[in-house]
Amino acid sequence: MFKDPDVELMVRFQKGDEEAFQRLFNKHKRGIINFIYRFCQDRGVAEELAQEVFLRIYESAHQYRPTAKFSSWIFRIATNICLNELRKAEYQAKIRTSSPSGQSRWEGDSELEDRSRQSAHSLLETKERRERLRRAITKLPERQRIALILNIYYDFSYREIAEQIGCPEGTVKTLIHRSKEAIKQAIMPTLE
Amino acid sequence: MSREECLKVKENVSAFLDGELSAQERQHVGGHLRLCSLCKKEYEHLTGAVAIMREWHGISPSETFDRQFQKKLQKQRRRLRRGRGRIPAFIQHLPAPYRLALATAMSLLLIVLGGLLLIPKPTYLNPYEIGLARNLDLLQNFEVIRYRDGLENFDIINAMDELNEAT
């Protein structure tokens with residue numbers, strides 16, 4: 001009936017099928033947590049806001065229209081939550097206390113250490129590159145950050161990103177160009 | 001290669017990498033990269049930076065994530081049930097614009113009904129009261145009217161004249 005299986009699940013949930021909602025939650029929770037985590041780089045805040053995203057979907061299910069991809073809809077909600085909630089003092093304080101400057105860490109490094117067969121030197125290089133990248137992403141203006149994350153990690157087209165951020169496609173092209181340039185400049189020393 | 005052309009290509013190189021250019025633009029940028037070593041190097045740096053970004057696999061949800069969410073969801077369900085209990089089902093299932101229109105119509109209806117209550121009601125009189133109102137001026141001249149018949153009776157007038165003359 002629907003090309004996108006998530007749309008079908010959402011329509012079933014609209015009709016009262018709670019199991020369909022649980023399936024959507026299980027399928028997308030990791031993606032949404034990581035979207036917010038890459039944006040704010042705080043696990044606690046990312047998980048809290050990801051839960052907020054799913055609660056909002058649960059509450060506003062009746063507003064969903066199966067005209068677009070489900071992933072576009074869910075990431076639009078996540079984008080709004082990132083842009084609105086993270087400005088609140090409550091979250092700003094949490095982010096400040098959980099990752100004080102100079103002591104910030106990149107979660108996922110342990111994963112890298114476990115599976116890596118790299119030499120100590122190249123491991124150090126990788127870590128430095130990641131740290132530079134992390135800092136460069138944090139410094140990007142909010143909309144550039146969102147556009148870049150949606151483009152690099154979720155493979156959304158410029159048109160889809162434009163819908164999610166609520167701006168023209170040409171603006172998205174500029175946002176992504178500028179953000180990639182900034183990241184390139186930041187990690188350039190490790191590239192040569 | 002002119003500097004202007006290099007700058008123009010630089011602006012499009014990210015979209016080129018993402019496959020977001022038209023066929024003509026793609027051909028133009030691709031052709032330039034083949035010929036310009038400086039732009040080619042920039043392009044390679046960009047692809048390298050994107051590859052490093054893609055290395056960041058992210059995190060797995062913590063063990064407590066699902067449990068915490070289910071708790072919040074239960075709370076939400078209770079709240080929604082309480083809220084929805086007061087709203088008829090057909091309204092709950094209406095799309096948002098229709099619900100807004102319905103709410104506006106209901107508000108207008110309430111305002112109109114409220115306005116009607118504020119307009120003073122007309123007072124209804126019984127026939128006696130209507131008669132009384134119509135002849136109110138007569139009532140005020142009651143004393144004159146009382147003797148009206150007498151004043152028009154010539155015998156009485158003559159008798160009164162005679163009485164006046166005698167005195």
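Student: How much area do chain A and chain B bury between them?

Tutor: This is a predicted model, in which local features need pLDDT of at least 70, side-chain atom pairs count only at pLDDT 80 or more, and totals for interfaces use all residues. Residues are numbered from 1 along each chain, and side-chain values use heavy atoms. Buried area is the accessible area (1.4 Å probe) that two parts lose on being put together, summed over both. Of the area buried by chain A and chain B, 57% is on carbon and sulfur atoms, and the total is about 4500 Å².

Student: How many residues does the contact take from each chain?

Tutor: Contact means heavy atoms within 4.5 Å. The count is 51 residues from chain A and 41 residues from chain B.

Student: Which residue of chain B forms a salt bridge with A:Glu59?

Tutor: A salt bridge is a side-chain nitrogen of Lys or Arg within 4 Å of a carboxyl oxygen of Asp or Glu. The rule finds 7 of them across the interface of chain A and chain B. For A:Glu59 the closest N and O atoms are 3.3 Å apart, and the partner is B:Arg79.

Student: Which element gives the largest share of the side of chain A that touches chain B?

Tutor: Helices are DSSP runs (H or I, at least four residues), numbered from the N terminus. Elements giving two or more residues to this side include helix H3 (43–59) and helix H10 (169–191) of chain A. The largest share, 11 residues, comes from H2(A).

Student: Is B:Leu102 buried, partly exposed or exposed?

Tutor: B:Leu102 lies in helix H6 (residues 96–118) of chain B. Buried means under 20% relative accessible area, exposed over 50%, and partly exposed in between (1.4 Å probe, protein chains only). With a relative accessible area of 31%, B:Leu102 is partly exposed.

Conventions
Chains lettered and ligands numbered in written order.
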